[in-house]
Amino acid sequence: MSGDGPSESTRLVIEDAPPPSSTSTDPHERGRRYQSGGSRGGGGLLSRQVLMVGGVLVVAAVVVLAVLLTQGDDAANTERAADSFAARVTADDITVHLRMLYNISQRYPNTRSAIYGGYNESVEYVVSQLNTSDSDYYTVTVQPFTVTTFKETATPVLNLTRDGTVTPFPGVATMAYSASGTVTAQFKAVRNYGCQPSDWFGLAGAIALVQRGNCTLYDQGYYGKTAGVAGIVFGNTPQYPTLPLRSRVRRRNDSATVDLPMIGTSHNQFLELTEAITLGPINATIVTAGELVPQYTANVIADMKYGREDSVIVVGGHLDSVEAGPGINDNGSGSSMILQMALEMRRMHAQPVNKVRFIWFGAEELGLLGSYHYVNDLKANDPEALANITCMFNFDMVASPNFIRGVYDGATATDPTAASGSTIIQHEFEKRFDALGLTWQLTEFNERSDYAAFTLNQIPAGGLFTGAEGPVGGKTAEERRKFGGIMNVAYDTCYHMACDDLDNIHEGVLGEMANAASYVVYDFALKENLQQFLYPNATAAATMAF
Ligand SMILES: [Zn+2]
């Protein structure tokens, strides 16, 4: 059953997590790990494969050849290598992981949310895949962290009272992180979508009715609290006529909450409530009860033992689902895709110029918590390691049934340094889709997935997205012309719902996304000059600083 709060019996256990990476082999150490299998890498890559065996310097013939190659040949070789890597990462192989994640979800039942056993088993699955045949290729770390979750402790109540007649509205939800309490007050509608402080003027002391808008629920709640409302009833968007809204009213990053009782309703209920208010003065009573529960969850980090320590490419995707469903498109698809990329790199013993670090983030659906934990931890404890991250790739939802081929719009990143590098990454995806003869369009890059912690720390990021709920009214006529599918329907009709299962995967677009993602990531991994490529204007400034 979806929507219940976390329970003791399914509390995540991570006691037997592998030790942190500090106990692992020194990544600088050279030796038998430089194997001959990495010959797909192109000239610049091969020149690194100088072997020290028994004190004798062995230089492979290919290295001599590599030295003779010109810069142009390097680029051509890199493209060929990226092309052949992309061909290795197939939808069929990714689907095997999706089936495993789905089977896991069915035991918990039907969720892999970060605070449930289904997430714990998802972590174990990824770790077991990475630790099979050649455990010497990646340093695998499970990075635990605590999240404070909200647990509804009683069924919420919404009653309307007019002229002594009480009308109950059953089937409403407690908004996550709502305060607990009982409030009765005049029931009034918020102007517009409540995304401006002025929308809430004149509502002091009232219980306010507002529809989910284009700002965050926290913003809406904060403006309401500031205006002095006594409680808030949130209506779901038109895409959800019967599903009550139960999302978190909590700021990302620093976890600030709004100290008010808050109820969520379906869109149809919202319309009924709006009409009731227009018929004249009416009172509402809302009753909410919940508690905050600290719980463990974790990120999984697979650090390739090859490549430059000072030029790391993070390839990320969140491994957790929402509580309401198994999360197979969101984000079994992205996390399985990067898992298959990691396994293929290991299978071919790729030894690229730049180090690739795969990260499966936890608790994205609880507010990007895993990615913020990862970045904030580095910031506090190892700022050099954070500075060594050259760029970040994020893959969150890459197999939506009624898909678009979305490329993150780099220019819209809040941080200007990140925006300029992110635009360069964006162009690489565009070029790949063009080369494959596939249509694409830019998609929002507004810090609603795990790249946010990186871009807000000046790290360029990019990625692909095949669509979630989509615009109000669903897929547009133009999008239908570009990508096919069904007009006026959400890109993913099961987004954040119980039906986000194996039937909610479009294997065709999954294969296309895997190809483009694998190509660009591998091409970046092989680039000798990745820093200059992503920060073309930084070189002069850095030189002047010295
Ligand atoms: Zn997601």
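Student: Which residues does Y522 touch, not counting residues up to four places away in sequence?
Tutor: This is a predicted model, where local features need pLDDT of at least 70, side-chain atom pairs count only at pLDDT 80 or more, and totals for chains, interfaces and linings use all residues. Residues are numbered from 1 along each chain as its sequence is written, and side-chain values use heavy atoms, with hydrogens and water left out. Contact means heavy atoms within 4.5 Å. With that cut-off, Y522 touches A81, A82, F85, M345, M348 and A350.

Student: Is Y522 buried or exposed?
Tutor: Buried means under 20% relative accessible area and exposed over 50%, with partly exposed in between (1.4 Å probe, protein chains only). Y522 has a relative accessible area of 0%, so Y522 is buried.

Student: What are the protein donors of the zinc ion?
Tutor: Donors are N, O and S atoms within 2.8 Å of the metal (3.2 Å for Na, K and Ca); water is not among the atoms, so sites may look incomplete. Here they lie 1.9 to 2.7 Å from the zinc ion: H318 (NE2), D330 (OD), D396 (OD) and D396 (OD).

Student: What is the arrangement of the four donor atoms around the zinc ion?
Tutor: Four donors count as tetrahedral if all angles lie between 85 and 135 degrees; four count as square planar and six as octahedral if opposite donors are over 155 degrees apart and all others between 65 and 115; anything else is irregular. The angles here run from 50 to 145 degrees, which makes the arrangement irregular.

Student: And how are the donor residues of the zinc ion spaced in sequence?
Tutor: D330 is buried, and D396 is too. Along the sequence, the spacing of the donor residues is H-x11-D-x65-D.
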